[in-house]
Amino acid sequence: MNRKILLFLLIGLILLPAQRAAAQCKLVNNAFKDGEQITYDLYFNYGIVRARAGAGSLTTDLVNYKGSSVFNMRMLLNTSGLAGGVYTVNDTLVSYVDMDMRPLLFSKRAFEGKDYSIEVQSFNYAEEGVKVRTSRIFNGKKKFEETLTTNDCTYDYLSVLALIRNLDYSDMKPGDSKEIHFLSGREIVNMTVNYNGTAKIKANDGQTYNTVQIVLTIYDKAFKNKKEAISASLTDDSNRIPVIINTHLKIGAIRAVLKSVTGQRN
């Protein structure tokens with residue numbers, strides 16, 4: 001075989017995994033559109049404490065990011081009242097997701113308890129794979145700033161919500177799962193999207209929805225144990241509106257229950 005042809009074949013084989021990964025990360029968005037706005041009532045769960053906690057929102061807009069149209073997703077979680085006195089949560093999560101549902105930039109600014117943290121993750125898709133620049137500042141001190149490279153589709157806390165809203169659950173049975181990858185601080189860890197069937201859920205807008213039950217489980221590479229990170233009830237229609245979102249904190253959990261929704265895609 002001609003040496004030049006052989007060289008091109010070898011280069012192609014080397015680049016194939018990264019190119020295949022980049023293609024596999026692409027997903028068609030059928031669930032949401034520019035202008036969707038969802039508001040939530042928040043509840044704080046800690047031991048036997050079940051208290052009204054405050055308000056939350058999830059807003060999606062179409063914006064320009066580095067010359068391209070992308071989705072800007074913003075989630076706000078703000079506690080108040082009794083729950084705020086027990087454990088303060090004032091979090092702002094922002095994610096830029098391209099039209100193929102791939103994360104581009106994520107930031108989280110969080111007041112939780114007495115701590116304040118800033119986390120930033122930027123994603124770049126290249127021939128050598130997915131490069132992720134991740135950093136965290138905790139109570140004014142830089143904890144880390146690193147660049148990670150992977151051939152796997154990897155998601156942040158907010159872009160994973162765009163992902164699960166667009167996955168196809170039609171062929172899944174309760175107990176089935178799909179594996180993805182999740183950026184936890186400066187580690188890329190395994191995460192599974194677990195399908196737990198369907199259920200009727202009454203929301204705080206007075207309506208009862210048929211929902212798909214999803215649980216996201218993180219597998220910690222260091223300790224080999226798993227934990228429930230996020231669970232969600234999504235409307236069992238093409239909009240996949242999150243009716244309930246449970247997010248675990250350092251202590252207890254925040255439960256967001258749908259209060260209102262406007263700007264649905266379908």
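K142 and E145 form a salt bridge in this predicted model, with their closest N and O atoms 2.8 Å apart; a salt bridge here is a side-chain nitrogen of Lys or Arg within 4 Å of a carboxyl oxygen of Asp or Glu. K142 is exposed, with a relative accessible area of 58%, whereas E145 is partly exposed at 40%, where buried means under 20% relative accessible area, exposed over 50% and partly exposed in between, with a 1.4 Å probe and protein chains only. As this is a predicted model, local features need pLDDT of at least 70 and side-chain atom pairs count only at pLDDT 80 or more, while totals for chains, interfaces and linings use all residues. Residues are numbered from 1 along each chain as its sequence is written, and side-chain values use heavy atoms, with hydrogens and water left out.

A second salt bridge brings the side chains of R186 and E146 together at 3.1 Å, N to O. This pair links distant parts of the chain, since R186 lies in the loop between β10 (177–184) and β11 (187–202) and E146 in strand β8 (residues 141–150), 40 residues apart; helices (H or I, at least four residues) and strands (E, at least two) are DSSP runs, numbered from the N terminus. R186 is partly exposed, with a relative accessible area of 42%, and E146 is also partly exposed, at 29%. Salt bridges that share partners join R133, K142 and E145 into one network.

Side chains of opposite charge can pair when their charged atoms come close. R74 and D61 give a further salt bridge, their closest N and O atoms being 3.0 Å apart. Because R74 lies in strand β3 and D61 in strand β2, the pair ties together parts that are 13 residues apart in sequence. R74 is partly exposed, with a relative accessible area of 27%, and D61 counts as partly exposed at 22%. A search of the whole structure finds ten salt bridges.

What is the volume of the largest cavity? It comes to about 70 Å³, and the count of cavities of 30 Å³ or more is one. A cavity is a set of points on a 1 Å grid over the protein atoms alone where a 1.4 Å probe fits but cannot get out, and lining residues have an atom within 4 Å of a point; a volume is the space filled by probe spheres set on the points, which are joined across faces, edges and corners. The lining of the largest cavity is made by Y40, G56, S57, M75, L76, L77, I245, T247, I254 and A256. Two or more of the lining residues come from each of β2 (49–65), β3 (68–79), β14 (242–248) and β15 (253–262), and β3 gives the most, with three residues. By class, this lining has seven nonpolar, three polar and no charged residues.

Across the protein chain, the secondary structure comes to three helices and 15 strands. Helix α3 (residues 159–166) is mostly covered, with eight of its eight residues buried, among them V160, L161 and R165. Buried residues make up 45% of the 266 residues in the protein chain. Among contacts (heavy atoms within 4.5 Å) between residues at least 6 apart in sequence, 47% join residues at least 24 apart.

How values were computed:
On a 1 Å grid over the protein atoms alone, a cavity is a set of points where a 1.4 Å probe fits but cannot get out, and a pocket is an open set with protein on both sides within 12 Å along at least five of seven lines; lining residues have an atom within 4 Å of a point. Ala, Val, Leu, Ile, Met, Phe, Trp, Tyr, Cys and Pro count as nonpolar, Asp, Glu, Lys and Arg as charged, and the others, Gly among them, as polar.
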